[in-house]
Amino acid sequence: VPKTSLTSPPWPEVPKLPDPVEEAKYHAEVVQKVNGMISAGQYGRLFAVVHFASKQWKVTSEDLIMMDNVLEAECGDRIRLEKVLLVGADDFTLIGRPLLGKELVRVEATVIEKTESWPKINMRFRKRHNYQRKKIIMNPQTVLRINTIEIYPCLS
Amino acid sequence: MVVLSAARWLRSRLTDRFWRVQEVLKYARHFRGRKNRCYKLAVRSVRRAFVRSTKARREKKRFLRALWITRIEAASLEHGLKYPAFISNLAKSQVELNRKVLADLAIYEPKTFKSLAALAQRRRQEGFLAALGDGKEPEGIFSRIVHHH
């Protein structure tokens, strides 16, 4: 039968997904391999995506982070950043949906300094109406240094 | 003798006019033309500069988000996915990375971005298969597809 414009549907053909049983075996193999690599320590520098102070940061060790708010911790306190979204090394990445487990990753940071920002000037002006307001805003800022990122072989 | 008002030679004169003028001119030193030297012109320019910087602080967020989206679009096209497909499938797979972090990963961690693109592609195909159904013909007489042999 010759092919017309209505022989096949207008959307592109979707390739078939691989067999679920085989897929499950392949997934288990990969998970075991990654677990082995983690417990053997065969990774270089780790990076993590952390959700902190309502922002997401891509973080490595010895990294400085500055946030535009006050943290209720004294200078020199060690802090553990929970809410890790992603951890990666050179050969593997662990993607959280949306967060990774606390027994899997540990991100430690120290509070270094708590200062105010440089004086930012807020000015409002309306022409021909003799209206101008000038306000100087200095937000409190905190600087953290990320000390370490550790992963433990608890994948399943 | 009680004196109720000051004597006539004691006037209240402005003595720090220089510093008041410098307070404004210090913000105008890098401007072009006479507005970096003359107070009357500088006042107007400095006022406009402050107002523009306050407005720009709000628009900076819009610029940066558009920049991140452009970068993510370019990176996902390198892996054969369009931006709306990439973002929607990542969100459906419960990966809550924001555009800033995705743009940073696309620049500095290409392997991780490739794995995210593969995840989005796989979720997209699973979505298509779920929407298309089994591929059989629908029931009913008038909705049957007629084959001519």
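Here is a short chat about the salt bridges and nonpolar cores of this predicted model.

Visitor: Why is the pair A:Glu82 and A:Lys102 called a salt bridge?

Guide: A salt bridge needs a side-chain nitrogen of Lys or Arg within 4 Å of a carboxyl oxygen of Asp or Glu. For A:Glu82 and A:Lys102 the N to O value is 3.5 Å, so the pair qualifies.

Visitor: What makes this pair tie parts of chain A together?

Guide: A:Glu82 sits in the loop between β4 and β5, and A:Lys102 in the loop between β6 (93–95) and β7, so parts 20 residues apart in sequence are joined. Strands here are DSSP runs of E with at least two residues, and helices are runs of H or I with at least four, numbered from the N terminus.

Visitor: Why is A:Glu82 called partly exposed?

Guide: Buried means under 20% relative accessible area, exposed over 50%, and partly exposed in between (1.4 Å probe, protein chains only). A:Glu82 has 38%, so it falls in between.

Visitor: How do you know that B:Arg122 and B:Glu126 form a salt bridge?

Guide: Their closest N and O atoms are 2.9 Å apart. Both residues lie in helix α5 (residues 110–132) of chain B, 4 residues apart, about one turn of the helix. Salt bridges with shared partners also link A:Glu23 with B:Arg122 and B:Glu126 in one network.

Visitor: Which residues touch the most other members of the largest nonpolar core?

Guide: A:Val87 and A:Val105 do, among 30 residues. Such a core is a set of buried Ala, Val, Leu, Ile, Met, Phe, Trp, Tyr and Cys residues joined through side-chain atoms within 4.5 Å.

Note on methods:
Residues numbered from 1 in each chain as written. Chains lettered and ligands numbered in written order. Predicted model: local features only at pLDDT ≥ 70, side-chain atom pairs only at ≥ 80, totals over all residues. Heavy atoms only, no water.
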